Amino acid sequence: MENKRILHVSKYYPPYFGGIEYVCYKIVSSQPQYEHEVICFNDGAETTTDTYEGVRVVRVGTFGRVAGQPLSGSYYFCLRDEIRRFAPDIVHFHAPNPLVGCYLLPLLPRRTRLIVHYHAEILTSSVLYGGYRFFERRLFRRADRIIATSPNVMNEAEPLRHFRDKCTVIENTVSTEELDLRPSDAEAVERIRARYGHRRIVFAFGRHVPYKGLDRLIEADSSITSDCEIVIGGKGPVTEELRRRVRSGRVHFVGRIPDDELRCYLHAADVFAFPSLTRAEAFGIALAQAMYCGLPAVTFTIPASGVNYVSPGGVTGLEVPNGDTKAFAAALDRLLSDDTLRERMGRAARERIEEHFTIGAVAGKITGLYDSLL
């Protein structure tokens, strides 16, 4: 019997990596019993078709971006042609992607099953979301199932309020093989520790955008009493503004960290700082990666976000009131100064990821969902 066909509609796809793209890629690579294809945006104006690790990927050219939404004059027609050619049994739509959500409704054949993978709310533009809300509700009504990435999102996200009977929780996943140390990594880990004088390392990384709250971590620096170094990886539109806010010599920006080096930074660090502020941070892949490497985390309380589900306060790290930089600093101090607490929470953090958020734990849920619709 021929494999059932799954068309993934994602904003982007590897080698471009963001949180949603990472999740989409891991789902595709963990379900070889199905035939997968992907349609997404390209970074440039040209529309291309390539094969990435055996999967056909249509990358539709773009001419700009508004409030994080790529713009394309040809996407509607490319999506129409892809649905006609591939004839998917299931369309797995990775949201938010408002422009494509509008296009998908009239193009989806009645017999084709639809999964809406609800990764996050649209918070970047109230105007954009106001215009899209009508289509989003129609999309949810058309969906056979809606994936929420945590119980917090399923139960608290306002857009899902009338559709919770369609929701199922399937957590995002981390790739453990990319995070486990190789024997050759020992020297790299030691070099990182030596670079910062073998002091305790508070580590943070991710895209430098406002909702990530890195400005709060920099502000908290002045209240941290422990002898430590704060290392911030990644880059983004607010990087230079963050640099200007630094008031001490112990805050270090190291830029985008290649995957082969990221695990070394995570294993060299002592505590993970995750100061995201809003439900735009719906899960926290970076948080889960750090926890797998045995780092206890300090987080803010974020309503309608999965962050505090991934890292329960008092178990795998410490949780403080949203935006309270003094409390954030105090929590970092507590973990940095208490070896027993830090090590206990670090072990609990790794165990939680191994139990709930590895591809082995999640792949079976995806298979079960696909099979139930087919």
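Reader: Which residue in strand 4 is the bridge partner of Thr 49?

Author: Val 58 is the bridge partner of Thr 49. Keep in mind as we go that this is a predicted model.

Reader: Noted. How many bridges join strand 3 to strand 4, and do they run parallel or antiparallel?

Author: Five bridges join them, and the two strands run antiparallel.

Reader: And what lies in the loop between strand 3 and strand 4?

Author: Glu 53 lies in that loop. Although Glu 53 is not a glycine, its phi is positive, at about 50°.

Reader: Is Glu 53 buried or exposed?

Author: Glu 53 is exposed, because its relative accessible area is 54%, and the cut-off for exposed is over 50%.

Reader: Nice. What is the strand order in the open sheet?

Author: The eight strands go 3-4-2-1-7-8-9-10, and the pairing is mixed. Strand 3 and strand 10 are at the edges with a single partner strand each, so one side of each has no neighbour in the sheet. On average, neighbouring strands are turned by 25° against each other, ignoring direction.

Reader: Which strands does helix 1 touch as it packs on the sheet?

Author: Helix 1 touches strands 1, 2, 3, 4, 7 and 8. The direction of helix 1 makes about 155° with that of strand 7.

Reader: Switching to helices: at what angle do helix 2 and helix 3 cross?

Author: Their axes cross at roughly 40° and come within 10 Å. That angle makes helix 2 oblique to helix 3. The crossing is right-handed.

Reader: Which residues of helix 2 meet helix 3 there?

Author: Tyr 75, Tyr 76, Leu 79, Arg 80 and Ile 83 of helix 2 meet Val 100, Tyr 103, Leu 104, Pro 106 and Leu 107 of helix 3. The residues of this contact divide into nine nonpolar, one charged and no polar.

Reader: Last one: is Asn 172 buried or exposed?

Author: Asn 172 counts as buried, because its relative accessibility is 6%. Asn 172 is in the loop between strand 10 and helix 6, and the residues it touches include His 117, His 119 and Phe 283.

Technical notes:
Residues numbered from 1 in each chain as written. Predicted model: local features only at pLDDT ≥ 70, side-chain atom pairs only at ≥ 80, totals over all residues. Heavy atoms only, no water. Axes fitted to C-alpha atoms, helices over the stretch in contact; angles between N-to-C directions. Helix = DSSP H or I, 4+ residues; strand = E, 2+ residues; numbered from the N terminus. Parallel < 35°, antiparallel > 145°, perpendicular 65-115°, else oblique. Left-handed = near helix turned anticlockwise from the far one by under 90°. Contact = heavy atoms within 4.5 Å. Nonpolar A, V, L, I, M, F, W, Y, C, P; charged D, E, K, R; others polar. Buried < 20%, exposed > 50% of the residue type's maximum accessible area, 1.4 Å probe, protein only. Pairing = 2+ DSSP bridges. Lists of a residue's contacts leave out its neighbours within four places in sequence.
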